[in-house]
Amino acid sequence: MTERTLVLVKPDAVQRQLAGRIIARFEERGLKIVGLKLVKVDRDLAERHYAVHKSKPFFEGLVAFITSSPLVAVALEGPNAIRMVRAMVGATKPAEAAPGTIRGDLAIEMIPNLIHASDGPETAATELAIWFQPHELVSYQREIDRWVMGPES
Ligand code: CMP
């Protein structure tokens with residue numbers, strides 16, 4: 001099933017000049033970029049995005065980190081995109097992030113940890129609506145898709 005999901009290429013990725021390489025991994029896999037922007041996050045946006053973590057002890061550190069420098073918000077589309085992107089991102093706990101995943105290859109901590117990805121269909125819908133206006137999500141055809149997705153695409 002074709003899905004859309006939200007990825008945040010976090011401030012540490014932008015500062016470490018890894019944003020392009022991280023986004024390229026998704027492009028190379030065949031996922032389609034349907035939304036993309038650089039955002040300097042304010043406290044209100046950070047609190048809305050991380051509302052489920054409001055009571056956690058790491059919440060203030062998380063907000064401070066995500067508002068410290070610009071991030072890149074990306075909307076990705078593809079078959080089973082939500083699970084696929086989560087698998088490519090790797091586990092939140094650094095020691096459990098498998099080599100070959102983004103965190104497993106490039107991150108060593110939980111904050112900073114380079115990237116966020118929606119963890120399920122409801123979260124994806126909620127998060128995409130937080131980060132993108134409807135007109136900022138663009139539907140379009142790629143000529144290459146019959147070679148990426150197969151002839152029926
Ligand atoms: P993210 O995928 O953006 O979703 C929530 C974030 O909270 C997570 O990445 C980590 O950066 C952070 N996080 C989750 N659990 C912990 C924890 N136990 N301690 C510190 N930070 C955490």
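Is Glu47 buried, exposed or partly exposed? I looked this up before anything else. Glu47 has a relative accessible area of 23%, so I noted it as partly exposed. My cut-offs: buried is under 20% relative accessible area, exposed is over 50%, and partly exposed lies in between (1.4 Å probe, protein chains only).

**Ground rules.** I am working on a predicted model, where local features need pLDDT of at least 70, side-chain atom pairs count only at pLDDT 80 or more, and totals for chains, interfaces and linings use all residues. Residues are numbered from 1 along each chain as its sequence is written, and side-chain values use heavy atoms, with hydrogens and water left out.

**Entry: salt bridges.** I searched the whole structure and got nine salt bridges. The criterion is a side-chain nitrogen of Lys or Arg within 4 Å of a carboxyl oxygen of Asp or Glu. Side chains of opposite charge can pair when their charged atoms come close.

**Entry: Glu47 and its network.** Glu47 pairs with Lys54 in a salt bridge, with 3.0 Å between the closest N and O atoms. Lys54 has a relative accessible area of 49%, so it too is partly exposed. Salt bridges with shared partners join Arg43, Glu47, Lys54 and Glu60 into one network.

I then checked Arg43 and Glu60. Their side chains form a salt bridge at 2.8 Å, N to O. Arg43 sits in helix α3 (residues 43-49) and Glu60 in helix α4 (residues 59-66), so the pair ties together parts 17 residues apart in sequence. Arg43 is partly exposed at 38% relative accessibility. Glu60 is partly exposed at 45%.

**Entry: Glu136 and Lys37.** I found a salt bridge here, the closest N and O atoms being 2.9 Å apart. The pair links distant parts of the chain, 99 residues apart. Glu136 is in the loop between α7 (121-131) and α8 (145-148), and Lys37 is in strand β2 (residues 32-39). Glu136 is partly exposed at 28% relative accessibility. Lys37 is partly exposed at 24%.

**Entry: His116.** Where is His116 found? I located it in strand β4 (residues 115-117). At 12% relative accessibility, His116 counts as buried. Its contacts (heavy atoms within 4.5 Å) include Leu6, Val7, Leu8, His49, Tyr50 and Glu127, leaving aside residues up to four places away in sequence.

Methods: Helices (H or I, at least four residues) and strands (E, at least two) are DSSP runs, numbered from the N terminus.
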